[in-house]
Amino acid sequence: MSLGVTLVPLARRDRGRFVLDNQKAFNYGALEEFGCRDAHFEEDGQIISREAIERSIDAGEAYHIMREGKLVGGIVVHLDGGRGELDLLFVSPDAHSKGIGYAAWCAMERLHPEVTVWQTVTPYFETRNIHFYVNRCGFHIVEFYNSHHPDPNDPESAGQIDGRFPDGMFRFEKRI
């Protein structure tokens, strides 16, 4: 599936816009779910902090999602041989429900055929994401992180689950 969607590597000069676009998209999802700002938001009223997004970019590969020459989202992956982690994927709210996220994901899989196992996480409340990963992209829910079962690979996650995501996070996996 293409829909005129392409992935363009993120240039250093575009990081600021990438961060702001990511925050806007993530805030939209949280505000859509909760209707107001609440404990899920980090610094300065953001669901995800600038620092968290920049750390993700620095540790992985970041791309703008373009559709017919227009910037419509972004994606960040971390790669380790045959394993890949989808760290961030966002589509601008005004471009939702047009198949762009799925087309971008398909492009990412084509870009990295060496990856045979992909994984990602999303908060319990992101039903739109859960639908997308499971029903559109073919991921499976393989674990549920919560205060009784924190992410064993991320010791800091226990505090985040209790604080920002008290009801937990789903971990998804896709084997190709």
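Predicted model: local features only at pLDDT ≥ 70, side-chain atom pairs only at ≥ 80, totals over all residues.

Biologist: What is the overall layout of the chain?

Modeller: There are five helices and seven strands. Along the sequence they run β-α-α-β-β-β-α-β-α-β-α-β. Take the contacts between residues at least 6 apart in sequence: 67% of them join residues at least 24 apart.

Biologist: How do you know that the length of helix α3 agrees with its number of residues?

Modeller: Helix α3 covers residues 100–111, which is twelve residues. The expected span is 1.5 Å times one less than the number of residues, so α3 should span 16 Å. Its end C-alpha atoms are 16 Å apart, which agrees.

Biologist: Why is α3 called mostly covered?

Modeller: Nine of its twelve residues are buried. Among them are W105, C106 and M108.

Biologist: What makes you say that the buried residues of α2 line one face of the helix?

Modeller: In α2, residues 50–59, the buried ones are A52, I53, S56 and I57. Looking down the axis of α2, they fall within an arc of 135°, so they line one face. Here's the general idea: an α-helix has 3.6 residues a turn, so residues three or four places apart point the same way. On the other side of α2, R55, D58 and A59 are exposed.

Biologist: Which residue has a side chain with a polar atom 3.0 Å from the backbone nitrogen of A52?

Modeller: That's S49, in the loop between α1 and α2. A polar contact needs N or O atoms within 3.5 Å, and the pair here is 3.0 Å apart. S49 has a relative accessible area of 7%, under the 20% limit, so S49 counts as buried.

Biologist: Why is N22 called buried?

Modeller: N22, in helix α1, has 0% relative accessibility, and the limit is 20%, so N22 counts as buried. Leaving aside neighbours within four places in sequence, N22 is in contact with I48, I53, L88 and F90. N22 and I53 are 31 residues apart along the chain, and their C-alpha atoms are separated by 8.1 Å.

Biologist: What makes the link between T122 and N129 a polar contact?

Modeller: Their side chains make that contact at 2.9 Å, and the cut-off is 3.5 Å. T122 sits in strand β5. Its relative accessible area is 2%, under 20%, so T122 is buried. Not counting residues up to four places away in sequence, T122 touches N129, I130, Y133, M169, F170 and F172.

Conventions: Residues numbered from 1 in each chain as written. Heavy atoms only, no water. Helix = DSSP H or I, 4+ residues; strand = E, 2+ residues; numbered from the N terminus. Contact = heavy atoms within 4.5 Å. Buried < 20%, exposed > 50% of the residue type's maximum accessible area, 1.4 Å probe, protein only. Arc of directions from axis to C-beta. Polar contact = N/O pair within 3.5 Å; in protein donor to acceptor, adjacent residues only side chain to side chain.
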